[in-house]
Amino acid sequence: MDPLNPFAERVLDLVERIPPGTVMAYGDIAEYLGEGGPRQVGKVMSTWGGGVPWWRVVHADGSGAAPDHLRECLAHWREEGTPLRGERVDMRRARWNGRPADGAADPSADFQ
């Protein structure tokens, strides 16, 4: 396995902060961090994402990260109360903007 790099550390830290019942798309994460893109975030998640709540990182259309993990994604989403539309996340209702749930100011949370 490749050594963890600073970008990967930032991605994984952000994924760990996504609240239960919400998600971010791969591109959302790259935009929030101000670096990389959806593919780079996907590479990080496929290489090192097993130890973080990977089911909270989805494609922009709300579909789960990997088709072969759909059943596991659905189980996690339902357990957490993530808004769904069929077998996809309802992105309008479930997308997290990077701000703390209590509305407190987070200096690193300028993603909109």
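Residues 24 or more positions apart account for 62% of the contacts in the protein with a separation of 6 or more. The model is a predicted one, and its secondary structure comes to 5 helices and 4 strands, which follow the pattern α-β-α-α-β-α-β-β-α when read along the sequence. Of the 112 residues in the protein, 44% are buried.

**Helix H3**

- Helix H3 spans residues 38-48, and within this helix Val41, Val44, Met45 and Trp48 are buried.
- Seen down the axis of H3, these buried residues fall within an arc of 100 degrees, and they therefore line one face of the helix.
- An α-helix has 3.6 residues a turn, so residues three or four places apart point the same way.
- Arg39 and Ser46, by contrast, are exposed on the other side of H3.
- The cover over the buried residues of H3 includes two helices, H1 (6-17) and H2 (26-33), together with strand E2 (57-58).

**The largest nonpolar core**

- The largest nonpolar core has 30 residues, and those with the most contacts inside it are Val11, Val15, Ile29, Val41, Met45 and Trp77.
- The elements that give two or more residues to this core are the helices H1, H2, H3, H4 (70-80) and H5 (91-94) and the strands E1 (24-25) and E2.
- H1 gives the most to this core, with 6 residues.
- Val15, when its neighbours within four places in sequence are left aside, is in contact with Ile29, Met45, Val52, Pro53 and Val57.

**The largest pocket**

- The largest pocket has a volume of about 230 Å³, and its lining is made up of Tyr26, Gly42, Met45, Ser46, Gly49, Gly50, Trp54, Val57, His59, Ala65, Ala66 and His69.
- By residue class, the lining of the largest pocket divides into 6 nonpolar residues, 6 polar residues and no charged residues.
- H3 gives the most to this lining, with 3 residues.

How values were computed:
Residues are numbered from 1 along each chain as its sequence is written. This is a predicted model: local features need pLDDT of at least 70, side-chain atom pairs count only at pLDDT 80 or more; totals for chains, interfaces and linings use all residues. Side-chain values use heavy atoms; hydrogens and water are left out. Buried means under 20% relative accessible area, exposed over 50%, partly exposed in between (1.4 Å probe, protein chains only). The arc is that of the directions from the helix axis to the C-beta atoms. Contact means heavy atoms within 4.5 Å. On a 1 Å grid over the protein atoms alone, a cavity is a set of points where a 1.4 Å probe fits but cannot get out, and a pocket is an open set with protein on both sides within 12 Å along at least five of seven lines; lining residues have an atom within 4 Å of a point. Grid points are joined across faces, edges and corners, and a volume is the space filled by probe spheres set on the points. Ala, Val, Leu, Ile, Met, Phe, Trp, Tyr, Cys and Pro count as nonpolar, Asp, Glu, Lys and Arg as charged, and the others, Gly among them, as polar. A nonpolar core is a set of buried Ala, Val, Leu, Ile, Met, Phe, Trp, Tyr and Cys residues joined through side-chain atoms within 4.5 Å.
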